[in-house]
Amino acid sequence: MSEFYGAPGADVCAHTKKPFICASTGEIAGPSRTVVEHARAARARRFDLLSVIRSIYPSHRTASCMWSRVSQDTQIQVVRDVLTLKARYSGLRVCGSIWTCPVCAAKISERRAAELAQAITQARNLDIEVALLTVTVPHVRGESLADLLAALRKAWRSFTSGGTSGRLRRAIGLVGTIRNTEVTYGENGWHPHFHCLMFFRGKLVDLEEIQRAWGEHWQKCAVSAGLREPSTEHGLTIQPGDYAARYVSKWGLEHEMTKSMAKKSRVGGRTPFDIADDFADGKDVEKNAALWREYATAFKGQRQLYWSAGLKKLLVVEDKT
């Protein structure tokens, strides 16, 4: 009879917070086995998608991720983590790209999501309020993604600098921000946009009034940067803290390949990983390959999250590469 470390039927041990392991077979007991099988399937799917991306853009650095040796003298080994019980290769190159690699994106995203959760928790401990600001601009099919990103960043620099920005920041007691870049592709082409966590000390701030004032400022900055005028309704929106906390838990987890096997709705457009997935399914192969290469080129060297100066120190978040 198999002997388990812990009570069968429970997900994890109440003390160690680890799955229950069968002493004789090494298998995970109870419901946790289903969870692990699901995770294994998702992990395998990420590697499948990495192979697809390798065929789309063989000259990109992601093509060598988990495929090429670190050096000619490096020995390839299979190692197993004694804590997580997961096996992995050692001695292979890792691209570390949050934008183009479903394998690396999954690892990086988990850790960044934990950082954001820590930041929000610490902010609340310090009586600092949190809200989520989103800015977007109109776009049409055929516009270059690289050009849109450049103009969007130019508009953001204007939006966050100068006298008008200073007055708006002081009005809510803004102490720092974390900005995230996202992009989808839909009927009207590429749709890059920014989400920004705002940390502020004004407990009685009227977010609707701030949204109106900041929305007008964003419209002017976007037009000055050569973009189409954002709409009053959707150009800039501000959501309160609870919404912000729920939303940032998914930052960077753009696709089921990086988190789960559940298919997403395409109502809001396709993510870049959706595009690669459609390529793998044989849908508009040439077009989707071209879109993926355009995306990978446009986001080369771009950071996913931008923390304002001093915010990590204030919220006691360790600065990591």
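Which residue stands opposite Gln239 in β6? The residue is Leu132.

1. Basis. This is a predicted model, in which local features need pLDDT of at least 70 and side-chain atom pairs count only at pLDDT 80 or more, while totals for chains, interfaces and linings use all residues. Residues are numbered from 1 along each chain as its sequence is written, and side-chain values use heavy atoms, with hydrogens and water left out.

2. Overall composition. The protein has nine helices and seven strands (DSSP runs, numbered from the N terminus: helices H or I of at least four residues, strands E of at least two). Of its 321 residues, 45% count as buried (under 20% relative accessible area, with a 1.4 Å probe and protein chains only).

3. Sheet. An open antiparallel sheet is formed by five strands in the order β6-β3-β5-β4-β7; two strands pair if DSSP finds at least two bridges between them. Its edge strands, β6 (236-239) and β7 (305-307), each pair on one side only. The antiparallel pairing of β3 with β6 runs over four bridges.

4. His139. This residue is placed in the loop between β3 (129-135) and α3 (145-159). His139 counts as buried because its relative accessibility is 17%. A polar atom of the His139 side chain lies 3.0 Å from the backbone oxygen of Asn188, and the side chain also reaches the backbone oxygen of Trp190 at 2.9 Å. Neighbours within four places in sequence aside, His139 is in contact (heavy atoms within 4.5 Å) with Leu148, Asn188, Gly189, Trp190 and His191.

5. Contact range. Among contacts between residues at least 6 apart in sequence, 66% join residues at least 24 apart.

Note on methods:
Buried means under 20% relative accessible area, exposed over 50%, partly exposed in between (1.4 Å probe, protein chains only). A polar contact is a pair of N or O atoms within 3.5 Å; within protein, one must be able to donate a hydrogen and the other to accept it, and residues adjacent in sequence count only if both atoms are side-chain atoms.
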